[in-house]
Number of protein chains: 2
Amino acid sequence: METSPLKVALLGGGVVGTEVARRLLGRAADFERRVGAPLELTAVAVRDAQRERPGIPAALLTDDVDQAMAGADIVIELMGGIDEPRRAILAALDSGASVVTANKALLAAHYGELMAAADSAAVRLEHEAAVAGAIPIIRPVGDSLAGDEITRVMGIVNGTTNYILDQMDREGWDFDRALTTAQELGFAEADPTADVGGHDAAAKAAILAALAFHTPVSIDDVHVEGIASVTADMIETARAQGFAIKLLAICEKLVSEGRAGVSARVYPALLPREHVLAQVSGAFNAVFVEAEAAGSLMFYGQGAGGAPTASAVLGDVVSVARRKVLGGRGQYEHASTATLPVLPISAITTRYQITLDVFDRPGVLNAVTEVFAAHGVSIELVQQTQLPASEAAERHAKLVVATHSGTDEALAQTVADIAALSVVNDLTSVLRIEGL
Amino acid sequence: METSPLKVALLGGGVVGTEVARRLLGRAADFERRVGAPLELTAVAVRDAQRERPGIPAALLTDDVDQAMAGADIVIELMGGIDEPRRAILAALDSGASVVTANKALLAAHYGELMAAADSAAVRLEHEAAVAGAIPIIRPVGDSLAGDEITRVMGIVNGTTNYILDQMDREGWDFDRALTTAQELGFAEADPTADVGGHDAAAKAAILAALAFHTPVSIDDVHVEGIASVTADMIETARAQGFAIKLLAICEKLVSEGRAGVSARVYPALLPREHVLAQVSGAFNAVFVEAEAAGSLMFYGQGAGGAPTASAVLGDVVSVARRKVLGGRGQYEHASTATLPVLPISAITTRYQITLDVFDRPGVLNAVTEVFAAHGVSIELVQQTQLPASEAAERHAKLVVATHSGTDEALAQTVADIAALSVVNDLTSVLRIEGL
């Protein structure tokens with residue numbers, strides 16, 4: 001296995017770029033283990049190289065993009081814009097470097113050209129972060145479903161508009177109030193046109209359509225309608241009929257008048273409230289994919305933000321780095337790279353819900369809670385219900401106890417001791433509580 | 001680009017195997033375009049080679065596994081069992097073939113050994129179909145999140161038990177009735193032990209834990225509790241407190257008493273009803289992943305069945321085949337392989353919801369519906385509500401019309417003509433309806 005370092009050049013020092021640099025520098029040993037060779041961050045090209053960036057050594061900062069890329073094995077492009085990153089990426093590919101980008105505007109405008117350049121240089125151009133942030137969607141659509149026929153992709157791919165529509169739906173706000181709040185909370189830009197007008201979603205729709213249907217689709221091919229015309233009244237009417245209004249990016253393969261083709265479009269639409277996409281709220285993104293054999297799939301997660309986007313960028317970096325090291329052979333990182341012990345169930349931390357059939361006597365609750373206290377298990381909720389009288393001389397009650405978290409061992413011992421109490425007729429059920 | 005065919009041997013002629021064979025044979029041109037070389041199915045090893053299999057030429061059938069694998073570039077293992085597929089896969093890897101398998105039992109028992117064998121042979125061993133059927137989860141966890149730290153994986157990975165628990169929750173049935181119904185509908189086996197006892201989920205938990213935490217985890221390390229003890233009363237109690245009961249497979253990285261380790265476990269647990277996983281119903285699967293930078297992600301889809309599993313298998317086949325052709329270079333299939341036209345919005349088929357402010361006169365509804373009829377657009381629903389009287393001399397009504405599907409062109413023209421009607425005061429809103 002090759003062990004000489006792979007040189008990584010980073011273009012762009014914004015929120016995502018800074019996060020990527022910090023992780024590459026701070027977790028160098030992890031990355032080396034996963035890739036099979038060290039990843040050496042050799043330069044960070046930024047607009048203002050004099051300004052300090054916490055966590056990034058000043059010696060790495062430069063304002064010269066070409067100098068930053070010189071000799072790089074992997075170039076990460078997070079500059080934003082179109083013309084300058086296009087030039088830089090083409091130069092990087094031409095020099096034999098693999099490229100990772102999160103630049104959706106660039107890809108939506110020049111997808112075919114950039115992919116062809118990567119192909120003819122026989123290197124990779126990865127772009128998982130360009131669509132739906134941290135959600136792995138490019139790899140599933142391009143790779144996992146490569147043996148299937150995708151018929152339709154329908155997604156909520158813009159968190160700003162989803163947050164606005166969600167607040168209008170939940171709070172009854174009108175569009176202006178929801179937008180202003182989103183701006184105050186940092187979910188919307190001062191100039192919200194790209195989001196609100198649907199143009200950000202349209203760029204992502206173009207990339208998804210090109211990838212899903214293997215056909216050139218640019219942002220200019222996408223029909224776009226934004227959400228500025230959605231009123232509180234429209235949302236109320238939608239709700240009354242069982243719908244939610246969502247800004248959808250839809251890519252579809254279809255036959256129209258005997259002619260096969262694809263459609264890529266973005267508009268606010270009515271979705272049945274029970275549809276999985278209708279339940280995607282706040283700034284989350286989700287992409288719903290329909291394929292001939294696979295049926296319906298959905299991918300859900302955070303669509304924006306520094307850390308989530310950095311996660312997608314670094315996944316791509318590891319992927320291209322592994323290919324450089326292994327030359328296309330070998331496996332995902334697997335059992336050989338770490339040897340953590342597998343801990344027994346007694347060691348995990350969880351919460352219990354215990355249901356008891358107890359004799360309805362004074363002091364029962366106290367006898368039960370005493371056992372919890374003795375094991376150091378804190379109770380979150382107790383609910384006691386008298387059970388219907390039966391022929392039995394003594395009345396029974398049903399006791400439901402939910403605990404705060406504790407080790408499974410302590411919880412299990414508590415349960416054993418409670419079952420042995422004379423006031424307990426039957427331990428009806430024990431279930432763990434997850435997802436809280 | 002290499003164009004000599006890649007020889008594919010298929011081991012196993014069950015539901016998934018037959019579906020895979022039919023697709024490889026029936027869509028040969030598609031696969032060739034996606035891979036860059038023809039995929040030639042050279043043999044199908046089955047138990048009873050004499051029996052006819054519709055869609056598979058008799059000449060391909062053999063009952064000799066080694067003969068089937070001889071000279072293969074790619075071996076697809078769908079035999080089931082452990083000892084014989086283990087032997088076959090090790091032999092295939094040793095001969096330099098890449099292997100695709102859906103065999104979760106085998107992987108859960110021998111993950112480390114098989115991956116090490118693939119590594120030392122410098123070929124790939126892919127297994128997307130072994131966990132959660134058609135849902136791409138192996139690739140996202142192993143590849144897309146390779147630059148992140150996964151902290152927890154929590155999934156509903158067994159459709160049979162999810163169907164049973166779902167029916168108990170919805171219908172109030174007891175466990176036995178739900179199981180019997182699942183068996184009658186083919187969602188549960190005659191011997192349901194592997195599903196109901198949690199063992200199938202445990203095998204998947206072992207694979208997910210090994211992949212997510214890069215550490216050897218076998219099915220024997222997984223703590224397993226099944227759902228046979230879940231009663232209608234437990235489900236009712238859960239519901240009363242805002243929970244659903246789901247059989248969860250949980251893989252977690254944790255520190256217990258200062259010792260870092262992993263936990264893999266399967267048990268029925270209480271989940272808040274608003275948790276995304278609680279909303280996964282019927283035979284669907286979903287896997288919820290938490291990673292340090294990416295945050296929460298969810299992957300959702302069909303976890304079993306011939307076509308969905310075949311989709312995952314064939315995705316792996318295309319992936320390993322591309323690597324053989326391209327040697328680790330090159331891109332996903334992209335714009336260059338197809339050139340479908342991008343159709344205008346007017347050509348797509350959709351449904352409209354139109355909201356009108358009309359004058360409240362006799363014959364208004366008729367005037368409106370006449371326009372729809374003239375354009376051949378069929379109406380699904382009309383709702384008329386009288387608006388509160390204003391100072392205006394004439395009362396108004398609100399009319400909501402939802403259409404059946406039509407071309408966007410016909411719908412747009414209908415809207416234009418309706419807006420021009422003298423009885424229409426205002427066209428309040430036009431929205432498309434999706435997801436029905």
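How many aromatic pairs does a search of the whole structure find over all chains? The search turns up five, where a pair means rings of Phe, Tyr or Trp (its six-membered ring) with centres within 6.5 Å; planes under 30 degrees apart count as stacked, over 60 as edge-to-face and the rest as tilted.

Before going further, some ground rules. This is a predicted model, with local features needing pLDDT of at least 70 and side-chain atom pairs counting only at pLDDT 80 or more, while totals for chains, interfaces and linings use all residues. Residues are numbered from 1 along each chain as its sequence is written, chains are lettered from A and ligands numbered from 1 in the order in which they are written, and side-chain values use heavy atoms, leaving out hydrogens and water.

The score here is pLDDT, the predictor's confidence in each residue, from 0 to 100. Chain A averages 91, and 96% of its residues score at least 70. Where pLDDT is low, the predicted coordinates should not be read in detail.

**Domains of chain A**

Chain A splits into domain 1 (6–133 + 308–337), domain 2 (138–303) and domain 3 (345–433), with bounds from an automatic or database domain assignment. The C-alpha centres of domains 1 and 3 of chain A are 55 Å apart.

**Strands and sheets**

Helices (H or I, at least four residues) and strands (E, at least two) are DSSP runs, numbered from the N terminus. Two strands pair if DSSP finds at least two bridges between them. In chain A, six strands make an open sheet in the order β3-β2-β1-β4-β5-β6, with parallel pairing. Its edges are β3 (61–62) and β6 (125–126) of chain A, each pairing on one side only. Chain B has an open sheet of six strands in the order β3-β2-β1-β4-β5-β6, again parallel.

Here are some strand pairs:

| Strands | Sense | Bridges |
|---|---|---|
| β1 (6–11) and β2 (39–45) of chain B | parallel | six bridges |
| β2 (39–45) and β3 of chain A | parallel | two bridges |
| β13 (349–359) and β17 (424–433) of chain A | antiparallel | eight bridges |
| β17 of chain A and β10 (259–272) of chain B | parallel | two bridges |

**Where the chains meet**

A:I433 stands opposite A:R351, and the bridge partner of A:I433 in β10(B) is B:L270. Charges also sit over rings (NZ of Lys or CZ of Arg within 6 Å of the ring centre and within 35 degrees of the ring normal). A:R432 lies over the face of B:Y267, 4.1 Å from the ring centre. The charged end of B:R432 sits over the ring of A:Y267, at 4.1 Å from its centre.
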